[in-house]
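Here are my notes for your first look at this model. Keep the structure open beside you and check each point as you read.

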Amino acid sequence: MKQKGFSLIELLIVVVIIGIISAIAVPNLIAARRSANDAAALTSMRVISSGEQTFQSSAGNGNYGTLAQLRTADIVDEVVGAGAKSGYNFTIVATAPVGINPAVFDAYGIAAVFGNAATSTGNRNF
């Protein structure tokens, strides 16, 4: 009587090959995701910067706005306006003292998890 199927050795070889392939592929996939998050954050920073210029010349009456004000004025989308997108946290800070018309703003995009090669959401902060 002839038995059909795979031997234990054959199955173990297949498992080892799959393990080797995944050990090579997973770090590349993680790096690609971090790179995509960086690109999305940079694009969001450009949107925030141009949005501030639009807000200042229209709804802001010469003043720069917060993310919430930009979102309310429909200048940035709801995701960026909420302050987080693609693993980055965004903030805007007016740099003029209180009571004085803010002439300058600072916008920051900071990776939610930064520095840990296995779990970081981005390679850079903006």
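**Notes on the fold**

1. Start with the buried side of helix 1. In this helix, R34, N37, D38, A41, S44, M45, I48, G51, E52 and F55 are buried. Bear in mind that this is a predicted model. An α-helix has 3.6 residues a turn, so residues three or four places apart point the same way. Look at the numbers in the list with that in mind.

2. What covers these residues? The cover of the buried residues of helix 1 includes helix 2 (67–72) and helix 3 (78–81). It also includes strand 1 (84–85), strand 2 (88–94) and strand 3 (105–111).

3. Now take helix 1 as a whole. It covers residues 8–57, which is 50 residues. From its first C-alpha to its last it reaches 72 Å. That is close to the 74 Å expected at 1.5 Å a residue.

4. Zoom in on D38, which sits in helix 1. Is D38 buried or exposed? D38 counts as buried because its relative accessible area is 5%, and the cut-off for buried is under 20%. Leaving out residues up to four places away in sequence, D38 touches Y88, G122, N123, R124 and F126.

5. Next, the overall layout. The chain contains three helices and three strands. From the N terminus on, the order is α-α-α-β-β-β.

6. The three strands make an open sheet, in the order 1-2-3, with antiparallel pairing. Strand 1 and strand 3 are at the edges, and each has a single partner strand, so one side of each has no neighbour in the sheet. Strand 2 and strand 3 pair over seven bridges, in the antiparallel sense. One to find: A94 has F105, in strand 3, as its bridge partner.

7. How does the helix meet the sheet? Helix 1 lies across strand 1, strand 2 and strand 3. It runs at about 25° to strand 2.

8. Look for the largest nonpolar core, which has 14 residues. I48, L67, L70, V80, Y88, F90 and I92 touch the most other members. Helix 1, helix 2, strand 2 and strand 3 each supply at least two residues. Helix 1 gives the most, with four. In soluble globular proteins, nonpolar side chains tend to be buried together.

9. Last, some totals. The chain has 126 residues, and buried residues make up 23% of them. Among contacts with a separation of 6 or more, 42% join residues 24 or more positions apart. The chain exposes about 8,300 Å², and carbon and sulfur atoms supply 63% of that area.

Definitions and conventions:
Residues are numbered from 1 along each chain as its sequence is written. This is a predicted model: local features need pLDDT of at least 70, side-chain atom pairs count only at pLDDT 80 or more; totals for chains, interfaces and linings use all residues. Side-chain values use heavy atoms; hydrogens and water are left out. The expected span of a helix is 1.5 Å times one less than its number of residues. Buried means under 20% relative accessible area, exposed over 50%, partly exposed in between (1.4 Å probe, protein chains only). Contact means heavy atoms within 4.5 Å. Two strands pair if DSSP finds at least two bridges between them. Axes are lines fitted to C-alpha atoms, for helices over the stretch in contact, and angles run from 0 to 180 degrees between N-to-C directions. A nonpolar core is a set of buried Ala, Val, Leu, Ile, Met, Phe, Trp, Tyr and Cys residues joined through side-chain atoms within 4.5 Å. Accessible areas come from the Shrake-Rupley method with a 1.4 Å probe; for residues, only the protein chains shown count as cover.
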